[in-house]
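Subject: Structure handover

Hello,

Here is the structure I promised to pass on. Please open it before reading my notes.

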Amino acid sequence: MKMKFQVNTMTGKETELQREMHEMAQKTSELKEEFIGEKNRLTEELNTMSEEINSSRGQLKELMLENSELKNSLDCIHKDQMEKEEKVREEIANYQLQLQEAEKKHQALLLDTNKQYEMEIQTYQEKLSSKEECLSSQKAEIDLLKSSKEELNNSLKATTQLLEELKKTKVCEQ
């Protein structure tokens, strides 16, 4: 009986072990399927990322090429701009020189014109002084003539009165 009990115990343990092994095999199978599914999902993600990376590399190459072309274009534009600025500076310098020369000529012309006007003014002032002297002497002569006329008028009046008195006296004597 003891042996039978031991055999039964061992048979029960074996059955339990087989059941546990069967559960483990089933869990292992489930885990394996889960692992394969996860592996396939990750592989798919990896492939998608790889395609995106390759696409991004292509875009990056295109962008780098475009960037290089833009830099070259910008360099050309900058060079042209610098040349134009230099040309404008030279033109400004030339215009400034021409302006300075024109101002010098203008100043010289103004000085000459001022000298001519000053000489004309001086001539007119001399003529005016001469005319004023002439006018003064004519005024003095007119004043002298007026004075002489007045003296003559007074003398004429006195003579006329004297003549009238003489006529009266002569008329009275007759």
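Below is what was found in it, from the whole chain down to single residue pairs.

First, the ground rules. This is a predicted model: local features need pLDDT of at least 70, side-chain atom pairs count only at pLDDT 80 or more, and totals for chains, interfaces and linings use all residues. Residues are numbered from 1 along each chain as its sequence is written, and side-chain values use heavy atoms, with hydrogens and water left out.

**Overall form**

The protein chain has one helix and zero strands. Both are DSSP runs, numbered from the N terminus: helices are H or I with at least four residues, strands are E with at least two. The radius of gyration is 70 Å, well over the 16 Å that the globule rule gives for 174 residues, so the chain is more spread out than a compact globule. That radius is taken over C-alpha atoms, and the rule is 2.2 Å times the number of residues to the power 0.38. Along the principal axes, the C-alpha atoms fill a box of roughly 230 × 45 × 25 Å.

M82 and C172 are 90 residues apart in sequence. In space, C-alpha to C-alpha, they are 128 Å apart. M82 is found in helix α1.

**Surface**

How much of the protein chain is buried? Buried residues make up 0% of the 174 residues. Here buried means under 20% relative accessible area, exposed over 50%, and partly exposed in between (1.4 Å probe, protein chains only). M82 counts as partly exposed, at 43% relative accessibility.

The chain exposes about 17300 Å², and carbon and sulfur atoms supply 58% of it. Accessible areas come from the Shrake-Rupley method with a 1.4 Å probe; for residues, only the protein chains shown count as cover.

There is a nonpolar patch on the surface, formed by L162, L163 and L166. Together they have about 290 Å² of accessible area. Patch members have over 30% relative accessible area and no salt bridge; like charges are joined within 9 Å, nonpolar side chains (Val, Leu, Ile, Met, Phe, Trp, Tyr) within 5 Å. L163 is found in helix α1, residues 2-173. Its relative accessible area is 46%, which is partly exposed.

**Salt bridges**

The structure holds five salt bridges. Each is a side-chain nitrogen of Lys or Arg within 4 Å of a carboxyl oxygen of Asp or Glu.

- E23 and R19: the closest N and O atoms are 3.0 Å apart. The two residues are four apart in helix α1, so about one helical turn separates them. E23 is partly exposed at 38%, and R19 is partly exposed at 43%.
- E38 and R41: the closest N and O atoms are 2.3 Å apart. They are three residues apart in helix α1, again about one helical turn. E38 is partly exposed at 37%, and R41 is partly exposed at 39%.
- E86 and R89: their side chains meet at 3.2 Å, N to O. These residues are three apart in helix α1, so about one helical turn lies between them. E86 is partly exposed at 38%, and R89 is partly exposed at 47%.

What links E38, R41 and E45? They are joined in a network of salt bridges.

Best wishes
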